[in-house]
Amino acid sequence: MISRNSRFLANWDSQARKGVLVLMVMSALSAREYYGYELVEHILASTGVEVSDGTLYAILVRLKAEGLVRTRWEAAERGPARKYYALTGDGRALLADMKRSWTEIAHGVEAILKDGSGDDVQ
Amino acid sequence: MFSEPKARGAWRQFRFRVELMLSSVSGGVRRELLEDLATHVRELVALGPDGASEYERLRGALERMGDPREFLAPLVGEAIFRDPPRDVGFGQAGRVLLSLLSRGWRLAWRSASALLAALLGALAGLVAFGSLLDPRAVGLFRLGPDDIHLRLLGGQGGVPLFAPWFAIGLLALAAASMAFAWRQSRRLILEILTNGAPGHGRH
C-alpha cells in the first residue's frame, strides 16, 4: 500500500509540476531571453523543479507555434550557434492573464488546505 | 552533425524514432520540429563535459532530453501540428514505409513486402472492378479450345470464364492483400515506436 501511495504521490507531484511549467517558462522568458539549456538550468536553480530538456523543448515549440515566443540565433563562444527565446507581446499579455488565474487558483487551494488541515489531527 | 561514427549512429537512431513519432504531423512542421530538436541537442552536446567523447556527450544530451514518446506526445496531440485528416492513416503509413526502405535490409524487406502487398491489392481491386463493370473486356477468356487468356487491361473477343466469380475472387484477393499490408505496416510502426529501430542496435 505504501509503495502504491508513493507511486501515486510521485505521479501527482509530476503532474502538478508539469501543470505550472508553462507558467514558469513564460515568466522566465518575460524577464529576459534564454537559450534552451540555460532556461532548464535557470528553472532548476530558481524553483528546484527538474525539467527534462525534451519537456522544455516541447513547451517552447508549442509557445512558438502559438506566436507567444519569438526566436533569434546568436553565435556562441563555444559550439554551435544558439537559439534564443523571448516572449512576444501576445505572450506577455497572456502571461498577465495566467498570473491572475494562478493567483486565484493558489488562493483557492490554500483556503481548501487550511479548511482540511484538521483532518490529520487524531 | 557529428563526426564520430558511433555518435552519428546514435543520433540517426534517435532522430529516426522522432521522425516516426511525428509521422502524423504535416511535413513542413515536422521538418521544423526536427531542426529545433537538433539545435537543442547540439547545444547540449557542445556544453557536455570536457574530455568526453562526442558519443558520450551525445548520450548525456539524449538522456537529458528524456524519452521522445513522453515529450513528443503533447505536440503530436496538438491540432495545430497535425496534418489535415486526409493525410492521417494510410498516408501516414505510406510515408513511414517509404522512409523505411533506406534503413537497412531488414526494415527495407518488411516495408517493401507491405508496400508490394498494398500495390498488389490495389491492382487486383482495379482489375476486379474493371471485370465487374465490363465482363466482356476484363477477366479470364476462352479464345479457342486450348487457348485461355487473362486480360487485365481490356480487349475484345472470347468467352468470359468464371464470371462473375473471377472478379469476386480478385476482390477477395485485393481485400486480403490490403489487410496484410495494413497489419504489417501498423505492426512495424508500433514495434519501432516501442523498441526503436530493429537492426540498428541499442546505444
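## Chain A at a glance

Of the 122 residues in chain A, 23% are buried. A residue counts as buried if 20 or more other C-beta atoms lie within 10 Å of its own, as exposed if 12 or fewer do, and as partly exposed in between, with C-beta atoms placed from the backbone. This is a predicted model: local features need pLDDT of at least 70, side-chain atom pairs count only at pLDDT 80 or more, and totals for chains, interfaces and linings use all residues. Residues are numbered from 1 along each chain as its sequence is written, while chains are lettered from A and ligands numbered from 1 in the order in which they are written.

Chain A has four helices and three strands. Helices (H or I, at least four residues) and strands (E, at least two) are DSSP runs, numbered from the N terminus. Along the sequence, the pattern of chain A is α-β-α-α-β-β-α. Take the contacts in chain A between residues at least 6 apart in sequence: 41% of them join residues at least 24 apart. Two residues are in contact if their C-beta atoms, placed from the backbone, lie within 7 Å.

## Chain B at a glance

Chain B holds seven helices and three strands. Its pattern along the sequence is α-α-α-α-α-α-β-β-β-α. Of its 203 residues, 29% count as buried. Among contacts in chain B with a separation of 6 or more, 65% come from residues 24 or more positions apart.

## The sheet of chain B

Three strands of chain B form an open sheet in the order β2-β1-β3, with antiparallel pairing. Its edge strands are β2 (147–151) and β3 (159–161), and each pairs on one side only. Neighbouring strands of this sheet are turned by 40° against each other on average, direction ignored. Axes here are lines fitted to C-alpha atoms, for helices over the stretch in contact, and angles run from 0 to 180 degrees between N-to-C directions.

Strand β1 (residues 139–144) of chain B pairs with β2(B) in the antiparallel sense over five bridges. Two strands pair if DSSP finds at least two bridges between them. One bridge links B:G139 to B:R151 in β2(B).

## Where the chains touch

The contact takes 17 residues from chain A and 22 residues from chain B. On the chain B side, α2 (27–46), α3 (54–65) and α4 (68–77) each supply at least two residues. Helix α2(B) gives the largest share of that side, nine residues.

By type, the chain B side divides into 13 nonpolar, three polar and six charged residues. Ala, Val, Leu, Ile, Met, Phe, Trp, Tyr, Cys and Pro count as nonpolar, Asp, Glu, Lys and Arg as charged, and the others, Gly among them, as polar.

## Nonpolar cores

A nonpolar core is a set of buried Ala, Val, Leu, Ile, Met, Phe, Trp, Tyr and Cys residues joined through C-beta atoms within 7 Å. The largest has 54 residues, and A:L56 and A:L60 have the most contacts inside it. This core draws at least three residues from each of domain 1 (1–84) and domain 2 (89–203) of chain B. The domain bounds come from an automatic or database domain assignment.

Leaving aside neighbours within four places in sequence, A:L60 is in contact with A:G36, A:V69 and A:Y85. A second, separate core has eight residues, including B:A128, B:V138, B:A167 and B:L170.

## A residue in α3 of chain B

B:R59 sits in helix α3 of chain B. B:R59 is partly exposed because 18 other C-beta atoms lie within 10 Å. B:R59 and B:G48 are 11 residues apart in sequence and 9.8 Å apart in space, C-alpha to C-alpha.
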